[in-house]
Amino acid sequence: MTTTTKPAAPVAAPGARRLGPTSLALRQGRLEIRQFLRSRESVVFTLGFPIIMVLIFASILNEEIAPGVSYTQYFITGMIATGLMTVSFQNLGIWIPIERDRGVLKRYRGTPMPKWVWFAGKVIMVLVIGVVMIALLLAVSAALFDLNLPSTAAAWLTFGWVSALGITACTLCGIAISSLARTARSGSAVVTPIALVLQFISGVFFLFTNLPPWMQQVAALFPLKWMCQGLRAVFLPESFGAQEPGGSFELGRVALVLGAWCVIGLLLCLTTFRWTTRRDG
């Protein structure tokens, strides 16, 4: 009679400590941040682009667009929204296909590490870089162009939830759209044109109400327009809301649309995300 011996379970090394979910996420987040900082191109583009745009446009267009409202005060809202979209949607949409094409995601899936840890690391990286980008942008604008920062707790609260909902929606959409890229090189070709078009039709570089009506209607389908509108409620006087298409800043609708895009982005991630390239099956 043959006896089958069951392999012994692996024994943890003496003194080894099992990391909890929070520790795993933070460790992965630190790894993602280090990888981001090692890519000089990504750092310069993500953190430098909004600041460079402010320096250029605010220096050239320094007139008032409404009584007591400078162009810089209006433009900063679009650049904050654009910066958040760049950090999340554009950055993830470009770099995830690179990691997939290099086999990084395939190898990660084969490890015992829970899959959600990888996503948590990306989210932490996006949040940290997003906060740094906003701080730099506000500091430069306030120091060089007399930007009026929010003066009430309510305004800062609005700034917080608009930014949080916006970056969440863009992060989820960035992860989802990464599956459209067939190769590492095509990620930028897929994501960058979408980001540029949205910037031009969402009131980032121009007054939103000066755009053609059909362009405004198209922009209203996507998160960036509503991020800009919500941030205008923070940095512009309440009276400026009368110049919005809806006659006010419509913060309730801003929250509704951005929340809806968070749900849409999550569903797209769950149904389309791939750990391997198409050639790997």
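Q: Which residue forms a salt bridge with Glu32, and how far apart are the closest N and O atoms?

A: Good place to start, and keep in mind that this is a predicted model. Side chains of opposite charge can pair when their charged atoms come close. Here the partner of Glu32 is Lys122, with 3.1 Å between the closest N and O atoms.

Q: Are Glu32 and Lys122 buried or exposed?

A: Both Glu32 and Lys122 are buried. For Lys122 the relative accessible area is 3%, and a residue counts as buried when that value is under 20%.

Q: With which other residue does Lys122 form a salt bridge?

A: With Glu99, where the closest N and O atoms are 2.9 Å apart. This pair also links distant parts of the chain: Lys122 is in helix H5 and Glu99 in helix H3 (residues 71-101), 23 residues apart. Glu99 has a relative accessibility of 12%, so Glu99 counts as buried.

Q: What does Arg232 pair with, and what does that pair tie together?

A: Arg232 meets the side chain of Glu244 in a salt bridge, at 2.7 Å from N to O. Arg232 lies in helix H9 (residues 223-235), while Glu244 lies in the loop between H9 and H10, so the contact joins parts that are twelve residues apart in sequence. Arg232 counts as buried at 0% relative accessibility, and Glu244 counts as buried at 6%.

Q: Let's turn to rings. How many aromatic pairs does a search of the whole structure find?

A: The search finds 18 aromatic pairs. To read one, look at the distance between ring centres and the angle between ring planes. Take Trp118 and Phe273: their centres are 5.7 Å apart and their planes are at 40°, so the pair is tilted. Trp118 sits in helix H5 and Phe273 in the segment after H10, which puts the two 155 residues apart. Trp118 counts as buried at 2% relative accessibility, and Phe273 does too at 15%.

Q: Which residues form one aromatic cluster?

A: The members are Phe57, Tyr71, Phe75, Phe200, Phe205 and Phe206.

Q: Which charged residues lie over a ring, and at what distance from the ring centre?

A: Here you look for the charged end of a Lys or Arg above a ring face. Arg100 lies over the face of Phe273, 5.5 Å from the ring centre. Another case is Lys225, whose charged end sits over the ring of Trp226 at 3.5 Å from its centre.

Q: Where does Leu270 lie, and why does it count as exposed?

A: Leu270 lies in helix H10 (residues 251-272). Its relative accessibility is 66%, so Leu270 counts as exposed; the cut-off for that label is over 50%.

Methods: Residues are numbered from 1 along each chain as its sequence is written. This is a predicted model: local features need pLDDT of at least 70, side-chain atom pairs count only at pLDDT 80 or more; totals for chains, interfaces and linings use all residues. Side-chain values use heavy atoms; hydrogens and water are left out. Helices (H or I, at least four residues) and strands (E, at least two) are DSSP runs, numbered from the N terminus. Buried means under 20% relative accessible area, exposed over 50%, partly exposed in between (1.4 Å probe, protein chains only). A salt bridge is a side-chain nitrogen of Lys or Arg within 4 Å of a carboxyl oxygen of Asp or Glu. Rings of Phe, Tyr and Trp (its six-membered ring) pair if their centres lie within 6.5 Å; planes under 30 degrees apart count as stacked, over 60 as edge-to-face and the rest as tilted. A charge sits over a ring if NZ of Lys or CZ of Arg is within 6 Å of the ring centre and within 35 degrees of the ring normal.
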